[in-house]
Amino acid sequence: MQLSNRSNRLLRPPKPWFVYMSLFIGLLLNYVPFGRHPGIPDWTALVLVFWCIREPQYIGMGIGFFLGILVDIGHGTPMGQYALAYVVLAYIANGLARRVMWFPSLLQALHVLPMLLVAQALMAGVRVFAGEEFPEWNYFLSSIVGAALWLPLTYLLLLPQFQPVDRDENRPI
C-alpha cells in the first residue's frame, strides 16, 4: 500500500527534439486567435517555465528571448514586450528550479503562479510605457488559469520520459 502520491517510476532524460517540439507547439497555440477572452493562458510561457524548471542547463534566457521575439512578431505587439517578459520568466524559473522540484505538482503550481504574474505585469508595464491604458484586472486571470493547468501540463510533458514499471532483465535500462 502506497501512502504518498509520488510515483516510484524513474524518468529518462528528455529528448531534445521533444523539448523543442513542445516549445514550438506552445508557440503555435499562442498564435491561435482566441479573441480577447480573458483566461486564455500564455502557452509559450507555461511550456518555457516547465522546461526551465525541469532542464535549466538546456533551456534558459536565450530560448526565452528567441520565443519572445517570435511571439512579439506574431501578435504585432511592441517589439520586445514578450521577449523581456520571457527572459525575466526564464531567469526566475532557472533560479528557483531546484527549489520548485522538491515540491509535488500542486505546490509547484503555487510557485509558478507568481512567475506568470510577474511576466504579465512586465508586459502590462511595457504597454503602459508605450502609451496604452493599464489593462483590466481580468487580464491577469490567464496566469491563474495557467497555474491551474500546471498539473495536467506536467503529466503530459513528462509522459514520454517514464520508464516502464516492470523491468526486463535482458535490457540494461
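Q: Which helices each supply at least two residues of the lining of the largest cavity?
A: The general idea: rolling a probe the size of a water molecule over the atoms shows where empty space is left. Here, helix 2 (43-54), helix 6 (105-129) and helix 7 (141-148) each supply at least two lining residues, and helix 6 gives the largest share, with 4 residues. Helices are DSSP runs (H or I, at least four residues) numbered from the N terminus. Keep in mind that this is a predicted model: local features need pLDDT of at least 70, side-chain atom pairs count only at pLDDT 80 or more, and totals for chains, interfaces and linings use all residues. Residues are numbered from 1 along each chain as its sequence is written, and side-chain values use heavy atoms, leaving out hydrogens and water.

Q: How many cavities of 30 Å³ or more turn up in the whole structure?
A: A cavity is a set of points, on a 1 Å grid over the protein atoms alone, where a 1.4 Å probe fits but cannot get out; lining residues have an atom within 4 Å of a point. The search finds 1 such cavity of 30 Å³ or more, and the largest cavity holds about 70 Å³ of space, the volume being what probe spheres set on the points fill, with points joined across faces, edges and corners. Among its lining residues are Pro41, Asp42, Leu46, Leu116, Met123, Ser142 and Gly146.

Q: Okay, aromatics. How do Phe134 and Phe140 pair?
A: A pair of aromatic rings is described by the distance of the centres and the angle of the planes. Rings of Phe, Tyr and Trp (its six-membered ring) pair if their centres lie within 6.5 Å; under 30 degrees counts as stacked, over 60 as edge-to-face and the rest as tilted. By that rule there are 9 aromatic pairs. Phe134 and Phe140 make a tilted one, with 6.2 Å centre to centre and 35° between the planes.

Q: Is Phe140 buried or exposed?
A: Buried is under 20% relative accessible area, exposed over 50%, and partly exposed in between (1.4 Å probe, protein chains only). Phe140 counts as buried because its relative accessibility is 13%, while Phe134, at 44%, is partly exposed.

Q: Why does Trp17 count as exposed?
A: Trp17 has 56% relative accessibility, so it gets that label.

Definitions and conventions: 1 Å grid on protein atoms, 1.4 Å probe; cavity = no way out; pocket = protein on both sides within 12 Å on 5 of 7 lines; lining within 4 Å.
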